[in-house]
Amino acid sequence: GYTIFDERDNGLTFDREGRVAMASTRGVPNSGGSQFFITYGPLTPEWEWNGQFAIFGQVTNGMDVLRALTPRDPLDPLRFPDPPPGDRLITVEIYRE
């Protein structure tokens with residue numbers, strides 16, 4: 001029920017794995033909320049991603065753990081509207097440097 005102001009123009013790009021970015025409705029300004037995504041590699045085509053979503057973090061350790069998660073697309077056309085359950089996060093540690 002809330003949204004946040006976009007901060008997409010911070011000079012960061014989706015050029016590597018481990019980028020942490022705010023999910024939002026593509027093309028709708030200031031539509032981010034509490035969802036985020038982490039990249040598994042560079043995103044292409046670049047123009048569809050860079051400048052569209054606010055990158056606010058970088059995974060520095062533990063990509064192996066992320067790669068072990070079950071891939072899940074809640075909008076998968078073959079399983080919509082009942083996608084399989086995702087993995088459950090028990091704890092998350094965020095370090096600010």
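Biologist: Why is Arg19 counted as buried?

Modeller: This is a predicted model, and in it Arg19 has 7% relative accessibility. Buried means under 20% relative accessible area, so Arg19 counts as buried. The residue is placed in strand β1.

Biologist: What makes the pairing of Arg19 and Gln58 a polar contact?

Modeller: The side chains of Arg19 and Gln58 are joined at 3.1 Å. A polar contact requires N or O atoms within 3.5 Å, one able to donate a hydrogen and the other to accept it, and therefore the pair qualifies. Beyond its neighbours within four places in sequence, Arg19 is in contact with residues including Leu12, Ile38, Ile55 and Gly57.

Biologist: Why is Thr39 called buried?

Modeller: Thr39 has a relative accessibility of 2%. The cut-off for buried is under 20%, so Thr39 counts as buried. Thr39 lies in the loop between β2 (36–38) and α1 (46–49).

Biologist: Which backbone oxygen does the side chain of Thr39 reach?

Modeller: The side chain of Thr39 reaches the backbone oxygen of Arg16, at 2.9 Å. Apart from neighbours within four places in sequence, the contacts of Thr39 include Phe14, Gly18, Arg19 and Met63.

Biologist: Why is Glu48 called partly exposed?

Modeller: The relative accessible area of Glu48 is 28%. Partly exposed covers what lies between buried, under 20%, and exposed, over 50%; therefore Glu48 is partly exposed. This residue belongs to helix α1. Leaving aside neighbours within four places in sequence, Glu48 is in contact with Arg26 and Phe53. Between Glu48 and Phe14 there are 10 Å in space, C-alpha to C-alpha, and 34 residues in sequence.

Biologist: What makes up the largest nonpolar core?

Modeller: Five residues form the largest nonpolar core: Phe14, Ala21, Leu43, Phe53 and Ile55. Membership requires that such residues be buried and joined through side-chain atoms within 4.5 Å. In soluble globular proteins, nonpolar side chains tend to be buried together.

Biologist: Which kind of peptide bond joins Thr44 and Pro45, cis or trans?

Modeller: The bond between Thr44 and Pro45 is cis, with omega at about -5 degrees. Most peptide bonds are trans. Pro45 is placed in the loop between β2 and α1.

Biologist: How do the elements of the protein chain run from the N terminus on?

Modeller: The order is β-β-α-β-α, that is, two helices and three strands. Of the 97 residues, 21% count as buried.

Biologist: What share of the contacts with a separation of 6 or more comes from residues 24 or more positions apart?

Modeller: Such residues account for 57% of those contacts in the protein chain. The C-alpha trace spans about 35 × 30 × 30 Å along its principal axes.

Notes:
Residues are numbered from 1 along each chain as its sequence is written. This is a predicted model: local features need pLDDT of at least 70, side-chain atom pairs count only at pLDDT 80 or more; totals for chains, interfaces and linings use all residues. Side-chain values use heavy atoms; hydrogens and water are left out. Helices (H or I, at least four residues) and strands (E, at least two) are DSSP runs, numbered from the N terminus. Buried means under 20% relative accessible area, exposed over 50%, partly exposed in between (1.4 Å probe, protein chains only). Contact means heavy atoms within 4.5 Å.
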